[in-house]
Amino acid sequence: MEKRAFLKSIALSVLSIPVLGMGKPTGDKAELYGQAALLATRLKLGDIVGLITPAGVLDDEESISIAREIFETLGFKVKEGKHIRSRYGNLAGTDQERIADIHDMFADKTVKAIVCIRGGSGTSRLLDRLDYRLIANNPKILLGYSDITALILALYAKTGLITFHGAVGISTWTKKLAEAFNAQFVANQPAIFENPKSKGDSIVQTKDRIATIHPGIVDGVLLGGNMTVLTGLCGSPYLPDFKDKILFLEEVDEDMERVDRMFCQLKNAGVLGAIKGFIFGKCTNCKPSGGYGSVTLDQLFNDYIRPLKIPAYTGAVVGHIAEQFILPVGAKVRVDASQGTIALMEPALKD
């Protein structure tokens, strides 16, 4: 009996040892599992912006040059990740190289914001080896979208860090997008995100229209990103708890059959049943499936979202498009599904 008690005490003590980089509880503020928001500090002109490539490979030097010029033109200094020119198949370097760039940028006290140059694929491969304590102890602005959804959601799930879903380095940086970047990251303004109202030559608006799936106004924490990447995290510790959250999704280059499958996965995983608000952005270049025809996106909203009877709308300027919103993931927002607006209720950064 004494031997059994001794072995039990050893096992319990081993289980209590924190494992860095694996998202285990450490007992301090470093890992909150999304229970409280962790805020980065706003930018000042002249600060250093770090450039990394956690996902797909860059196939030309010009992409890096353009990304540098964008942020230098905006008034910032730029630091490149050591491995942004690396290649491992379709990936921007080995897992170890891409992880090293993430860790280096968060650890570097001179770097105030981290921007991903592009999306692609492969970010999910890194999540089980990131040092979440290092990241939580050095909260910084992180900006990206598409495959970067995996990093955005994992950081919130493991540390509570508010990050930003929006343009990457190779996006089309218009004056309007530059103004939005400065408003969010320099002025730290609580924004109201709503689609452009321009009618062009038409007497009614035909572009960037919103459609209300279910009317209403709801307050809550905003979580989401690319649909394929998000559903791929289901069942893992890197998908945040969606209870009483507001979910936003976007997609690109998918058959409706696959979009249907992903909605079904989110329903079966309990995500859709947990949320209290829903926003769908753009399904860019999504197309009907072959064979006997295809369900439409509107039919999928009717099947999966309308029965929830929560405030929900579609058509938000979010996704694989120019001049998309820069959405703070993990921040408190108020969504008006009838008007198609997302209002940030408090600053997403510290002064």
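Student: How many salt bridges does the structure hold?

Tutor: The structure holds 15 salt bridges. A salt bridge is a side-chain nitrogen of Lys or Arg within 4 Å of a carboxyl oxygen of Asp or Glu. Keep in mind that this is a predicted model, where local features need pLDDT of at least 70 and side-chain atom pairs count only at pLDDT 80 or more, while totals for chains, interfaces and linings use all residues. Residues are numbered from 1 along each chain as its sequence is written, and side-chain values use heavy atoms, with hydrogens and water left out.

Student: Okay, which residue meets R68 in a salt bridge?

Tutor: That's E80, at 3.3 Å from N to O. R68 lies in helix α2 (residues 61–73) and E80 in strand β2 (residues 77–80), so this pair ties together parts that are 12 residues apart in sequence. Helices (H or I, at least four residues) and strands (E, at least two) are DSSP runs, numbered from the N terminus. There's also a network of salt bridges, which links E61, R68, E72, E80 and R85.

Student: And where do K79 and D108 sit in the chain?

Tutor: Their side chains meet in a salt bridge of 2.4 Å, N to O. K79 is in strand β2 and D108 in the loop between α3 (95–107) and β3 (111–116), so to speak distant parts of the chain, 29 residues apart.

Student: Is D108 buried or exposed?

Tutor: Here's the general idea: buried means under 20% relative accessible area, exposed over 50%, and partly exposed in between (1.4 Å probe, protein chains only). D108, at 15%, counts as buried, whereas K79, at 35%, counts as partly exposed.

Student: What does R129 form a salt bridge with?

Tutor: With D95, and the closest N and O atoms are 2.9 Å apart. R129 is in the loop between β3 and α4 (132–137), and D95 is in helix α3, 34 residues apart. D95 is buried at 8% relative accessibility, while R129 is partly exposed at 35%.

Student: Why is β3 largely enclosed by the rest of the structure?

Tutor: Because 5 of its 6 residues are buried.

Student: Which strands pair with β3?

Tutor: Two strands pair if DSSP finds at least two bridges between them. Strand β1 (residues 48–52) runs parallel to β3, joined by 5 bridges, and L51 has V115 as its bridge partner in β3. Strand β4 (residues 141–144) pairs with β3 in the parallel sense over 3 bridges, with L143 as the partner of V115 in β4.

Student: How does the chain cross from β3 to β4?

Tutor: The chain goes through α4, and this β-α-β crossover is right-handed. That means that, with the strands pointing away from the viewer, the path from the first strand over the helix to the second runs clockwise.
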